[in-house]
Amino acid sequence: MCRRFAFVLLLGFAALAAPTAHGQTIRLTAERTPLASVLQQLASQTGIDLVYAQRLVEGRAVSGRYLGDDPEQALATILRGSGLRAEQLRPGQYVIVSAYPTPGLEPETYRATLRGTVVDAETGEVLPGAHVLLVGLQLGTATNPAGYFALPNLPAGSYRIRVSYIGYRPVVQEVSVYPESSELPPVIRLRPQILSTDSEALVEGSENERTDLQPVPGTDVLDVRQASAVPAFLGESDVFQALEWLPGVGRSGEAGGEMVVRGSEPHFNRYLLDGAPIIHPWHTFGLFSTFQTEALKSVRLYKGSFPAEYGGGLSAVLDVEMKDGDRDDAAGIVALSPVSLRAVSEVPLGKGVSLMLSGRRTYLDLLLSPRFQPSVAVFGNDEIGAEQGLGYHFYDLNAKVTLRPSPYHRLSLSVYEGGDALDTDVPFTSRFASVAVPPDARLNYGWGNRVVSARYRWLASRRLFVTATGYYSRYRADEQVLAQTTASTSVDSDYRVRFAESGVTVDADYYNSLQHQFRAGLRVVGRTFESRLGETLLDTLSMDMNGSEQNASVQAVEAVAYVQDTWQPSARWQVQPGVRVEVFGLGPYLSVSPRLNVRYVVTRDRLFLKAGVSRQVQYLHRLRDRYSFTYDLAASRWIPASASVRPAVGWQAAVGLEAVPARWLSLGLDLYGRHHGDILLPVDEFGDEDEVPGALLSDYAAGSGRSFGIETSAQVERGRWRVGLSYAFARSQVRPPGEVYRRANYDAPHTAKALVQGRLQRWTVSLAATVRSGYPVTIPVARSENTDPLDGEATTYLVRPEVNNGRLPVYARVDLALGYGFRALGLDWDASLQAYNLLNRRNTVGQRFAPDASAVQTTEVLGLPILPMGSLKVRW
């Protein structure tokens, strides 16, 4: 059924692609005919694009005749004696402006740059990636990360531009362009688009112009305002839970887990916060992200071919920007969920100075400490005994100061600090163990990130915009374990890891002409890796004590240069070639990564084709020690490429179609393929559980991976309702050295999603549903017994000849969120009720296998039942 849906979409795209034919011979006859009418006839016969201000042609009448096949000559004949002239912008595109006041001057004398800045009308925040289009032409650009845009070398005159941004109402505005003008660039303000009545939705931007000028397939821009209304686990509004409803994006676990993009391992993703990398952006072992939704300005996900400025990840890049606090008055939010208390405040500190503060902290440790009060706590099928201690909390702190001394200069300083802390003595069950370890284990575990980013943006000239960024990012993880592994053996472990990255980046946007816009950058990065592993094994019967300690410290330097050209050779084509050159000190390694993205307008305003291919390099590998008891909870180590470990390399290719059959309906289709090489894969997925690890790299070898698929989507927005539907067919495979391709850990061939959002007076409703194939699982196919020759004790264990040879049952879930807004005490309040797993379907999220005397016993690990939760938010 889903494949038929994709086939019907293809037929719809083909129907929309029918071109419009134009006659070859031009016939024009005018006898004091209104100029606007004659220009429309010419455009209709030739298919050329004409741009002019309506006031410029009003009241003008022309006379003349033309019979021929030269559109430019026909245009000159029409305008003769009218006091107007036509200048060609690109082949088939002309602008009508006033004639030169001084004969003999070159046309360049009367050319200038149309420029400006796009901001949020309510908050003053700049809007990066907003689309700016000259009305009547398929000619435009997108704002840079500072919200700035420029269309150079336009004939002096007035132009109508259409500006749009996801989640905002498009605006059509007339802008005048004069050479050598001392006027400041205009500020174009967009108002948020809220779900309303049909008549209200048509107030602005009635033209069915398509302004998506980004040629990169597989790019998604998240509407941050709408993300907070998406049903969230435990009522905790979260960016990654909103991204989960995009096609091709999933989570490694049931209620959460790390972000999985098109079936690839989560550590192949790259995360950026205000231009600085953030290594492990997760709380509660993947349930929540470190990104607080209300504190964010923009969220952009690249899951296909990357622009040249992005690197460091094979699968996807998530670029997140915090708010600047550019408001004229103070504003804030305080929200309480069943998990945490969070707050955001935006405060103007004076003319051109603003401050944004946000914070979040759980209070789970206050509820769960010092002891569990119920006799038994149940999670899935696992029971935790009564009176067991558990203390856990996480926190986030964000601060950003922005200085704007003039429209040409902007300086910002942002800081993020966040972390998790777990202190427990609950029973400890190893992932593949056949029996539980006695409830005599104490574990202290903490991890967190610190990010500092300083950014200076300078409008050096009308055509040149420079951005300089300096950052520091640090990730730490500490794990101390004291465990009674057997009746006579205990393990005392201390594991610490530190990863830090410091860098300086300079990016420049140069608007050379209407056809070429260049972006180039330089980056120098220094990285430090430190780890310490200490373990002590104590046998209380023999009083033998064995200890080991491993310490490692590695430093590396990376230099990057890139250049990219956004080239618009005609109204239908936009080509974005680029190249990224990287030098990594450990090795050393020199990498040249070409990038190419193309956009073609098949049918104006209705059907668009995108294609892209890119090469990515990732110098950071993440390994997991599966063997040691002490690392069963969280056992990640970050390993940089070196002389003995090559960097991972990936190629991606994608082709996409976008259709706009009606103003309220958009359709999308993406086909993609990937290949990853030199990725580190386990040599043996299931080793000895009691083994104390030696050199972890010896357990891994360089292998390869591949994935391919098709993603279809449909979005409907009518009045009070917004509906999104998607289906993805995808396969993801890996190949260890010397073996054949097999299923990857997150291979899910079929995934269907639906998200419905509506607004009814003060009420809001969101309903989200997902159905997907179950993730792969390794099913034992044999049992074996060994007898110890010393004590004669028999040991029964499982045999797993093939990894991921089975699959979990189909996963299906429906979530609901209801919200009610009201005003009280002079403040705006939002109360919401969230229902996770509304239908109470207990999905199978895992399987455990254990041998006994007669057969292999299988235990289903069930997911969470229905969880109704409430939250409250107040705004001012």
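## Briefing: core, sheets, hairpins and a helix pair

The largest nonpolar core has 36 residues, and Phe-240, Leu-243, Met-259, Phe-291 and Leu-318 are the ones with the most contacts inside it. Two or more residues each come from helix H6 (224-227), helix H7 (239-243) and the strands S15 (259-261), S16 (269-273), S20 (296-302) and S21 (316-322). Keep in mind that this is a predicted model. Below is a quick tour, starting with that core and moving on to the sheets, the hairpins and a helix pair.

**Around the core**

- In general, nonpolar side chains of soluble globular proteins tend to be buried together.

**The five-stranded sheet**

- Five strands make an open sheet with mixed pairing, and the order across it is S13-S20-S21-S16-S17.
- The edges belong to S13 (219-222) and S17 (276-277), each of which pairs on one side only.
- Leu-273 stands opposite Ala-276 in S17.

**The three-stranded sheet**

- Another open sheet has 3 strands in the order S9-S6-S12, again with mixed pairing.
- S9 (148-155) and S12 (187-190) each have a single partner strand, so one side of each is left without a neighbour in the sheet.
- On average, neighbouring strands here are turned by 30 degrees against each other, if you ignore direction.
- S6 (residues 111-120) runs parallel to S12, with 4 bridges between them.
- Asp-120 has Leu-190 as its bridge partner in S12.

**Two hairpins in a row**

- S22 (residues 331-336) and S23 (residues 340-350) pair antiparallel over 6 bridges, and 3 residues separate them in the hairpin they form.
- S23 then pairs antiparallel with S24 (residues 353-362) through 10 bridges.
- S23 and S24 also form a hairpin, this one with 2 residues between the strands, and Gly-352 in the turn has a positive phi of about 75 degrees.
- What links the two pairings at residue level? Arg-342 of S23 is the bridge partner of Ala-335, and Arg-342 in turn has Arg-360 as its bridge partner in S24.

**Helices H2 and H4**

- H2 (residues 35-46) and H4 (residues 71-79) pack at an angle of about 170 degrees, and their axes are 11 Å apart.
- Angles over 145 degrees count as roughly antiparallel, and H2 and H4 are therefore roughly antiparallel to each other.
- H2 brings Leu-35, Val-38, Leu-39, Leu-42 and Thr-46 to the contact, while H4 brings Pro-71, Ala-74, Leu-75, Ile-78 and Leu-79.
- What is the make-up of that contact? It divides into 9 nonpolar residues, 1 polar and no charged.

**A look at Leu-84**

- Leu-84 sits in strand S4 (residues 84-90).
- Is Leu-84 buried or exposed? Its relative accessible area is 6%, so Leu-84 is buried, the cut-off being under 20%.
- Val-57 is 27 residues apart from Leu-84 in sequence, and their C-alpha atoms are 8.9 Å apart in space.

How values were computed. Residues are numbered from 1 along each chain as its sequence is written. This is a predicted model: local features need pLDDT of at least 70, side-chain atom pairs count only at pLDDT 80 or more; totals for chains, interfaces and linings use all residues. Side-chain values use heavy atoms; hydrogens and water are left out. Two strands pair if DSSP finds at least two bridges between them. A nonpolar core is a set of buried Ala, Val, Leu, Ile, Met, Phe, Trp, Tyr and Cys residues joined through side-chain atoms within 4.5 Å. Buried means under 20% relative accessible area, exposed over 50%, partly exposed in between (1.4 Å probe, protein chains only). Axes are lines fitted to C-alpha atoms, for helices over the stretch in contact, and angles run from 0 to 180 degrees between N-to-C directions. Angles under 35 degrees count as roughly parallel, over 145 as roughly antiparallel, 65 to 115 as roughly perpendicular and the rest as oblique. Contact means heavy atoms within 4.5 Å. Ala, Val, Leu, Ile, Met, Phe, Trp, Tyr, Cys and Pro count as nonpolar, Asp, Glu, Lys and Arg as charged, and the others, Gly among them, as polar.
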